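Here is a short briefing for a reader new to this structure. Look over the sequence and the model first, then read on.

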Amino acid sequence: MVSAPVPRLVIAAPSSGSGKTTVATGLMAAFAARGLAVSPHKVGPDYIDPGYHALATGRAGRNLDAYLCGPELVAPLFLHGARGCDLAVVEGVMGLYDGAAGEGELASTAQVAKLLRAPVVLVVDASSQSRSVAALVHGFASWDPQVRIGGVILNKVGSDRHESLLREALDSAGVPVLGALRRAARVETPSRHLGLVPVAERTSAAVDAVDAMAAQVTRGCDLAALEALARSAGPLPDGSGPWTPDPSPAHHPTRPGTARPAGERRPVVAVAGGSAFTFSYAEHTELLSAAGAEVAVFDPLRDERLPEGTAGLVVGGGFPEVYAAELSANEPLRAAVADLARSGAPVAAECAGLLYLCRELDGQPMCGVLDAAARMSERLTLGYRDAVAVGDSVLAVAGTRMRGHEFHRTVVEPGAGAAPAWGVRAPARRVEGFVQQGVHASYLHTHWASEPGVARRFVERCRTS
């Protein structure tokens, strides 16, 4: 059985900083404005760009990460997100052929494009070149014959004359020019220590930025040709059905589990949100809900109590260091989190969540669940990790292998508790994180779709704790 084709484009570039986010987000918004239901996707573990994608399309931005989830899940996760859509736009990561360090093409935009059998649109920063653009595009188009570069969008073009020179040069490369965008400061989005400022923190400014991206892309690109290119994508490989968040053994027969009795109560799982905790994968809440939880989102910056009946807590990533004073000032909620953890209830915390559970963050009192102190650092910790569960926890049994990603400029001391969360196997062997009572806290961002038993185990513990 061959999956029905979903028209799709992959937006890639020779390197970071070429304008992928501007073009991809602008295309999503421009197609949506034409009345198309657009499915937004992002290659890699990035949490911030999908927020802009969601703003552009009105749908959840979703990640496609062949390292975190495995190449075999890329097409199913894509189909899950694109269900019912007219067209999908996939924003790449880094340069087209850049992937996990030392792992060849793994997790690269090129690999994802091949797994999706999708045409690639190459966004080229043309600000400092003219005829050389042809050599650059020819090199990228010929490097891997399985990657189909269907067109080029020239970004940061300086003038009509500059555009004419670029188009003339590209005539010889055999790759059509599908757009030319002039330099436009208005579409720039502000950045800080970990990249772009998330949509949740920018409110109306983010809306204005997306509108500006859409206007620039509509003005400078051939939308009809881009849509036609998207429709030229062939069917996905045999067996590529949509992923399902249902974590039951019937859907995942290799993973043992227990069927839930009909009518069993749905435990409330509180999930931290708001401006301080913006890093999450849409599939996590879908998995929790499918496992039988009632998901209740709350904002630690504003809410002084956990949601009524909270039986478990998930605190994902984000920027608590930016909001340390405000988080600290919310003493009633900090006390409620500490009480919940002391009761033995399941608590899963990743990166920002880890900092929030510490005794303090940059001298500001936090929840005090963990006897550890966190502080900002000048050093960026970034990269994929291969990890294994050191012992049993609310998320996994000892020996469970998961792949994750670290992305932070903070340090927690000590870096691991008496019972660590993970043994990191690569790039260097070490232990990190904390497991105590029902708490699992770690710097490691993981994608639960790769191991649906995580959500099922967590919700079952919520029922019985």
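Helices (H or I, at least four residues) and strands (E, at least two) are DSSP runs, numbered from the N terminus. The model is predicted: local features need pLDDT of at least 70, side-chain atom pairs count only at pLDDT 80 or more, and totals for chains, interfaces and linings use all residues. Residues are numbered from 1 along each chain as its sequence is written, and side-chain values use heavy atoms, with hydrogens and water left out.

**The sheet**

- An open sheet is built from 6 strands, in the order β11-β10-β12-β13-β21-β20, with mixed pairing. Two strands pair if DSSP finds at least two bridges between them.
- Its edge strands are β11 (294-298) and β20 (434-436), each pairing on one side only.
- On average, neighbouring strands of this sheet are turned by 15 degrees against each other, direction ignored.
- Strands β10 (residues 268-272) and β12 (residues 310-315) pair in the parallel sense over 4 bridges.
- Val-268 stands opposite Thr-310 in β12.

**Helices across the strands**

- Axes are lines fitted to C-alpha atoms, for helices over the stretch in contact, and angles run from 0 to 180 degrees between N-to-C directions. Contact means heavy atoms within 4.5 Å.
- Helix α12 (residues 331-342) lies across β11, β12, β13 (347-350) and β21 (439-442), and runs at about 110 degrees to β12.
- Helix α14 (residues 453-464) lies across β10, β12 and β13, at about 145 degrees to β12.

**A helix pair**

- The axes of α1 (residues 20-33) and α9 (residues 223-231) come within 12 Å and cross at roughly 95 degrees.
- That makes α1 roughly perpendicular to α9 (angles of 65 to 115 degrees count as such, under 35 as roughly parallel, over 145 as roughly antiparallel, the rest as oblique).
- Leu-27, Ala-30 and Phe-31 of α1 meet Leu-223, Leu-226 and Glu-227 of α9 in this contact.

**Helix α8**

- Helix α8 (residues 204-220) has 17 residues and reaches 24 Å from its first C-alpha to its last. That is close to the 24 Å expected at 1.5 Å a residue, taken as 1.5 Å times one less than the number of residues.
- Its buried residues include Ala-206, Val-210, Met-213 and Val-217. Buried means under 20% relative accessible area, exposed over 50%, partly exposed in between (1.4 Å probe, protein chains only).

**Gly-61**

- Gly-61 sits in the loop between α2 (49-57) and β3 (62-64).
- Gly-61 is buried, with a relative accessible area of 17%.
- Not counting residues up to four places away in sequence, Gly-61 touches Pro-40, Pro-50 and Ala-54.
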